[in-house]
Amino acid sequence: MSKFNTRKTGFDFGIIAGKLTDTAGKYSEDELLRRVTLANMLFESDYYQPADEIMKQIEDLCYKVEGEKIIELALECRFEQKLRHTPLWLLILASEIHDVSVKDALAKIANRPDMTIDVLQMLKVRNGSYKMSKSIKKGLAKAFDNYDEYQIAKYRKSNMDVSLVDVVNLVHPKPTKKNELALKGLVEDTLQPANTWETALSQGADKKETFERMIAEKSLGSLAILRNLRNMTEAGLSRNDIRTAISQVASYWLTPLNFLAAQRNAPDYTAAIDEAMKNCFVQEKITGTTILAIDVSGSMGRITSSNSKFSRMDLAFAMAAAGSYIFEDLILVFTAGSDAERMGKHMIWNGSKGLGLFTNYSKIAMEMGGGGIFTYQLCEWLKENGYAKDAERLVVISDSQDIDAHYGLVRKPDTSPYKTSYIIDISTHTHGIKTGNWTAEINGWSDKVFHYIKALEN
């Protein structure tokens, strides 16, 4: 999640949504790097840009951004946006390009043992070998201070060319009280498997009995529960057991999309999944009245990356579902229009909230016309229909395809009725809207973007 673009700047030449227009926001190199990383699934192409082009953009920008700022961005990618590979790649680039120490940052970011394997694989992709700088080697070694016996046992095997024991043999981590026996067992190949459902089934245990046991023990991880609801149903677990499992879901690392994926795999448990999502994301309410506008234009219907099953629309709806619990008083708006007529269309939604939004997913998108987003017309419509006068803030979730800007119109959205206004860009495009009328332009698609809004306003 990014907190940038608070300066009042106008349009300049650039790119919006890939290469659809030559008019876009003017950014510093630091801001551009944030835009291209904070919603990025590394090594995957998106709708407008191939993976190689995105990776080249990241590397080129890293030459222009200070090493310490790259490290700060890597930490933000991991702990605010909950990304796994992008922050590791940024640290590799910071170490190589600027020769800065990434030891402490790497030890903190690689908070799962398999992420140390990821680093080796990235080094092999980039340099053709596992050769690494001293600070990366020290960072990987220090990362093992985070891991206990369960974690080391859980991730000791790998479907990659290297495994966890290879990492240990390369970086020689110093044993601690909590991992000394596990590291010894890993190197000597005597480490007992971790208590996971995959291990139990691989050893011949009954699937139904395994899930029932682990639910009773509360030993299934939150993500494992959400990902295995269909497996539990097919194994014959009772509805009560499955609902009990869902009630145990509680994790900082979950995103709204994790709950959407679970709901699609087990629609019969939508209400329970919705309640679990609510419990995960409503730590603190954002007070006041918020207008949350969701872009349902045609480009939002495209998949987020080449290896994803989800579209940008899925991301936006999932964020709206979480937002319906985070914002104290929510006015939910869907917006799109007709590109040919250059006319926006907008609709207030008074129906179901939370994951129930997806029941009307296709109907809403079809009714709105499938064209691009028109931020100027949206803001005028909100004023004309009386919604703007009572709202403290306006939040727009989009992929930076502003049709008003695309056709070179000089009209800018009037955000003056609101104390604060935000445009959340869930794409990885290098350039975005940035008309200078928003309190902040935020990149990303986790619940943390809403937390940032609260922090900024406080």
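This is a predicted model: local features need pLDDT of at least 70, side-chain atom pairs count only at pLDDT 80 or more; totals for chains, interfaces and linings use all residues.

Trainee: How many helices and strands does the chain have, and what share of its residues is buried?

Mentor: The secondary structure comprises 22 helices and eight strands. Of the 458 residues in the chain, 56% are buried. The chain exposes about 19,700 Å², of which carbon and sulfur atoms supply 48%. Among contacts with a separation of 6 or more, 74% join residues 24 or more positions apart.

Trainee: Why is L91 called buried?

Mentor: Buried means under 20% relative accessible area. L91 has 2% relative accessibility, so it counts as buried. This residue is found in helix α4, residues 85-98. Leaving aside neighbours within four places in sequence, L91 is in contact with I71, A74, V102, A105, L106 and I109. Of these, V102 is 11 residues from L91 in sequence and 6.3 Å away, C-alpha to C-alpha.

Trainee: What makes L456 partly exposed?

Mentor: The term covers values between the 20% and 50% limits. The relative accessible area of L456 is 36%, so it is partly exposed. L456 lies in helix α22, residues 448-457. Apart from neighbours within four places in sequence, its contacts are Y422, T439 and A440. T439 is 17 residues from L456 in sequence, with 9.7 Å between their C-alpha atoms.

Trainee: Which class does G221 belong to, and where is it placed?

Mentor: G221 also has a relative accessible area of 36%, so it is partly exposed. Its place is in the loop between α12 and α13. G221 and A250 are 29 residues apart in sequence and 8.7 Å apart in space, C-alpha to C-alpha.

Trainee: How do you know that the buried residues of α9 line one face of the helix?

Mentor: The buried residues in α9, residues 164-171, are L164, V167, V168 and V171. Seen down the helix axis, they fall within an arc of 100 degrees, so they line one face of α9. An α-helix has 3.6 residues a turn, so residues three or four places apart point the same way. The cover over the buried residues of α9 includes α6 (113-127), α7 (134-143), α8 (149-154) and α10. Just after α9, H172 takes a positive phi of about 55 degrees.

Trainee: What makes you place the buried residues of α15 on the same side of the helix?

Mentor: In α15, residues 239-247, the residues I242, A245 and I246 are buried. They cover an arc of only 100 degrees around the axis, which puts them on the same side of α15. N240 and S247, on the other side, are exposed. The buried residues of α15 pack against α12 (207-217), α13 (222-227), α14 (229-235) and α17.

Trainee: How do α17 and α18 pack, and what is the handedness of their crossing?

Mentor: Helix α17, residues 270-281, and helix α18, residues 312-326, pack at an angle of about 65 degrees, with their axes 9 Å apart. The crossing is right-handed. The contact is made by D274, M277, K278 and F281 of α17 with A321, A322, Y325 and I326 of α18.

Trainee: What is the make-up of that contact by class?

Mentor: The contact of α17 with α18 has six nonpolar, no polar and two charged residues. Asp and Lys count as charged, so D274 and K278 are the two charged residues. Ala, Ile, Met, Phe and Tyr count as nonpolar, a class that here includes M277 and F281 of α17.

Conventions: Residues are numbered from 1 along each chain as its sequence is written. Side-chain values use heavy atoms; hydrogens and water are left out. Axes are lines fitted to C-alpha atoms, for helices over the stretch in contact, and angles run from 0 to 180 degrees between N-to-C directions. Helices (H or I, at least four residues) and strands (E, at least two) are DSSP runs, numbered from the N terminus. A crossing is left-handed if the near helix is turned anticlockwise from the far one by less than a right angle, and right-handed if clockwise. Contact means heavy atoms within 4.5 Å. Buried means under 20% relative accessible area, exposed over 50%, partly exposed in between (1.4 Å probe, protein chains only). Accessible areas come from the Shrake-Rupley method with a 1.4 Å probe; for residues, only the protein chains shown count as cover. The arc is that of the directions from the helix axis to the C-beta atoms.
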